[in-house]
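Morning, everyone. I have one structure to go through today, and I will keep to a few local features. Please have a look at it first.

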Amino acid sequence: MSKKNSSQMAEKMEGNESGNAETQEPGKMAATVPEKLITIDHVTKIYRDGGRSAVKAVDDLCLDIYKGETLGLVGESGCGKSTTGNLLVRLLQTDEGSITYRGQDITKMSEKQFHPLRRNIQMVFQDPYSSINPKKKIGWLLEEPLVIHHKKLSKEERQEKVKEMLRVVGLDEEYRNRYPRQLSGGQRQRVSIALALILNPAFIVADEPVSALDVSVQAQILNLMKKLQKEYSLTYLFISHDLNVVSYLSDRIGVMYLGNLVELGSWEQVSTRPRHPYTQALFAAANAEESNGTPLLQGDVPSPSDPPSGCPFHTRCPQCMERCRREKPVLTEIEDGWKAACFLE
Ligand SMILES: Nc1ncnc2c1ncn2[C@@H]1O[C@H](COP(=O)(O)OP(=O)(O)OP(=O)(O)O)[C@@H](O)[C@H]1O
Ligand SMILES: [Mg+2]
């Protein structure tokens with residue numbers, strides 16, 4: 001595509017208003033005041049099963065996500081990671097609390113009000129096969145969001161953009177004529193990244209984006225995501241149960257347990273000095289699994305439809321005190337930007 005065409009198209013697309021000029025090195029935000037892109041304020045999400053049981057999947061969650069960072073969200077299966085991600089992209093509605101994007105409360109908006117913001121907030125799923133229409137060719141799939149969000153673009157301009165995006169994610173432009181089933185898992189995940197990126201978003205929720213892939217392919221996709229973050233000034237919420245994967249991209253991590261955020265801090269703080277006994281167990285388990293395959297975390301996660309009293313982790317905590325059975329610890333600052341919800345000093 002010529003430079004002239006490219007700049008004309010960029011004008012018509014507007015998109016990620018953050019622009020590349022302001023790009024900050026992720027994790028190196030100390031020199032300037034970091035800009036809050038997303039604020040999750042006391043958000044609760046309850047799944048109700050026809051009134052019979054209620055699962056509090058996200059419990060009074062408070063979390064800021066800063067522009068240009070990757071926030072890793074970790075925790076065992078069922079702790080509420082995907083629910084949090086789905087609330088952020090409005091695949092789910094909150095029951096309580098608010099989520100603001102650049103100061104605008106997206107939880108209270110109508111679909112029409114949210115429409116112009118939708119292109120800024122995108123998602124990459126674990127299994128692209130279930131999130132993309134298998135009956136449509138890749139070219140059609142990538143063109144569709146442009147048809148919806150950039151009505152001023154001509155068909156030719158849309159097709160140019162599709163070819164450009166395929167190249168950006170490392171696929172030959174000829175892939176636009178293929179169906180998803182004709183692609184490998186890694187190639188399909190490249191397509192879903194292109195799909196998330198084509199509207200020039202500011203924020204991407206990546207929910208276990210490499211969990212279904214072979215380890216060698218995982219590394220390629222993680223490298224691609226890292227490269228794209230720099231090039232496109234992206235902010236990521238990176239959801240994974242795999243600490244090794246999270247370590248590769250995350251500037252900060254949040255640890256969830258039974259719908260609660262139990263620890264939050266920089267990767268360096270949390271990985272070297274995990275404060276919450278659950279975080280300690282998660283890191284110990286990851287290290288043990290690496291060395292001899294034995295997970296250290298004992299016992300099952302209690303049912304989220306019948307959570308324990310007091311601290312949600314007290315039933316499995318090796319350092320449980322009497323107080324922990326009665327009282328729920330709040331997330332409290334340990335040092336600059338590092339918080340844990342635990343009564344232990
Ligand atoms: N649609 C639903 N209806 C009822 N309960 C649900 C629904 N989706 C999730 N849950 C429950 O909500 C809780 C949180 O689920 P969620 O999928 O957010 O966890 P997760 O951390 O993403 O888990 P995983 O690592 O397995 O993906 C779990 O107890 C789950 O069973
Ligand atoms: Mg999940």
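Two strands count as paired if DSSP finds at least two bridges between them. Keep in mind that this is a predicted model.

I will start with strand E10, residues 260-266. How many bridges join strand E9 to E10? Six, and E9, which covers residues 252-257, runs antiparallel to E10. Within that pair, Ile253 stands opposite Gly265 of E10. The hairpin of E9 and E10 has two residues between the strands, and in this hairpin Leu258 takes a positive phi near 45°.

E10 has another antiparallel partner: two bridges join E10 to strand E12, residues 338-340. Here Glu263 stands opposite Ala340 in E12.

Next, a loop. Glu69 is found between strand E2, residues 53-66, and strand E3, residues 70-74. Is Glu69 buried or exposed? Its relative accessible area is 0%, which means that Glu69 is buried. What does the side chain of Glu69 contact? It makes a polar contact with the side chain of Arg252, at 2.8 Å. Arg252 brings us back to E9, the strand of residues 252-257.

Last, helix H2, residues 81-88. Seven of its eight residues are buried, and the helix is mostly covered. Among the buried residues of H2 are Lys81, Asn86 and Leu88. Just after H2, Arg90 takes a positive phi of about 65°.

That is it from me.

How values were computed: Residues are numbered from 1 along each chain as its sequence is written. Chains are lettered from A and ligands numbered from 1 in the order in which they are written. This is a predicted model: local features need pLDDT of at least 70, side-chain atom pairs count only at pLDDT 80 or more; totals for chains, interfaces and linings use all residues. Side-chain values use heavy atoms; hydrogens and water are left out. Helices (H or I, at least four residues) and strands (E, at least two) are DSSP runs, numbered from the N terminus. Buried means under 20% relative accessible area, exposed over 50%, partly exposed in between (1.4 Å probe, protein chains only). A polar contact is a pair of N or O atoms within 3.5 Å; within protein, one must be able to donate a hydrogen and the other to accept it, and residues adjacent in sequence count only if both atoms are side-chain atoms.
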